[in-house]
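Have a look at the structure first.

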Amino acid sequence: MFASRGLLRSSRRLVGGISSATRTYVNLSKPSTSVAVLELDRAPVNSLSKEMADAVSAAIKEAEGDDKVQALVLKSSNPKIFSAGLDITEMNNPEVERLEDFWRSIQDLFLTLYGSRLSTVAAIEGHSPAGGCLLAMSCDYRVMTEGENFKIGLNETKLGIAAPYWLKDLFVKTIGNREAELGLGLGKLYSPSEALSVNLIDEVVKNEDVLEVAMKEAETWAKIPPKGRVASKVMLRSEMMDELREKKELDVGWFRDFIMEEGTQKGIDAYLKSLGGKK
Ligand code: CO8
């Protein structure tokens with residue numbers, strides 16, 4: 001069993017220095033020669049602001065920069081929340097320019113993680129809605145904690161928004177068209193056992209075992225000769241990534257227009273107020 005905090009602290013130095021901005025929201029370590037661990041660390045819920053998205057992208061690139069590293073485990077510093085998804089405050093009465101830049105950072109994060117040469121394993125120790133589910137689905141393998149109160153899925157429609165086409169495509173690729181119709185339409189959040197039954201995740205294990213199982217899985221992937229492994233990943237993923245690269249600015253425009261609509265703003269505002277019960 002790994003004691004994650006100690007493990008990360010003691011091995012942080014092994015992966016070269018990262019910028020102070022990056023360090024604010026992530027911890028990058030290398031507990032074994034071929035596997036790096038990227039810990040999401042933005043309290044309280046690991047929501048993805050522009051800066052958080054940039055930090056995660058930069059840390060993935062840094063891990064890729066170490067030739068010996070072949071696999072990456074993505075985990076959270078919060079034992080109950082993998083990531084609460086996009087930072088909703090970024091979409092609440094935003095400045096247009098900031099909103100567009102925010103979305104570019106989210107696109108880049110997806111392209112960086114989904115297209116990484118590293119085998120990526122998500123260690124999902126708790127909730128993983130919306131953008132959290134995006135992070136998990138962008139990995140090669142997903143291990144989730146048991147506990148039927150924890151949820152994963154794309155609940156965008158419940159906020160009055162729609163997932164972008166590329167997130168919809170990723171969902172369809174992961175769980176199939178019919179289940180994606182149900183999941184997206186209903187904004188469904190799946191319990192771990194439900195998520196496993198539709199292949200949204202690959203394994204459900206006891207909470208205390210999530211990191212250890214994810215590390216073992218990462219070591220298994222890391223042993224596959226990288227040339228063929230990476231070529232296979234490229235074959236499976238490049239079409240979708242190329243399409244997004246081509247349509248990036250169209251997608252930014254669609255996102256901006258959708259978010260700036262008065263009705264969307266009302267929905268986001270009401271949803272944000274309902275969270276934590278304090279805003
Ligand atoms: N963004 C910003 N702040 C958040 C978010 C978030 N995603 N989630 C929670 N918070 C805040 C809460 O408002 C609260 O703040 P405060 O303490 O100031 O009141 C604080 O974090 C703690 O939240 P909770 O009290 O709710 O924490 P819990 O531990 O009780 O619950 C959950 C944790 C289950 C993760 C819960 O916070 C939750 O459900 N959060 C919302 C998750 C969600 O719906 N995310 C969707 C984000 S949108 C997205 O990712 C869409 C992608 C595609 C967009 C396409 C658009 C066109």
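Is Arg256 buried, partly exposed or exposed? This is a predicted model, and in it Arg256 has a relative accessible area of 24%. Buried would mean under 20%, so Arg256 counts as partly exposed. Its salt-bridge partner is Asp257, with 3.0 Å between the closest N and O atoms. Asp257 is partly exposed too, at 45%. Elsewhere, salt bridges with shared partners tie Glu51, Glu90 and Arg98 into one network.

Now step back for the overall tally: searching the whole structure turns up 20 salt bridges. One of them is a pair between Arg104 and Glu249, whose closest N and O atoms sit 2.9 Å apart. What about solvent? Arg104 is partly exposed, with a relative accessible area of 24%, and Glu249 is partly exposed as well, at 47%.

Asp108 and Lys248 join their side chains in a salt bridge, 2.5 Å from N to O. Asp108 is in helix H4 and Lys248 is in helix H10, so this pair ties together parts of the chain that are 140 residues apart in sequence. As for how open Asp108 is, its relative accessibility comes out at 31%, which means partly exposed.

Note on methods: Residues are numbered from 1 along each chain as its sequence is written. This is a predicted model: local features need pLDDT of at least 70, side-chain atom pairs count only at pLDDT 80 or more; totals for chains, interfaces and linings use all residues. Side-chain values use heavy atoms; hydrogens and water are left out. A salt bridge is a side-chain nitrogen of Lys or Arg within 4 Å of a carboxyl oxygen of Asp or Glu. Buried means under 20% relative accessible area, exposed over 50%, partly exposed in between (1.4 Å probe, protein chains only). Helices (H or I, at least four residues) and strands (E, at least two) are DSSP runs, numbered from the N terminus.
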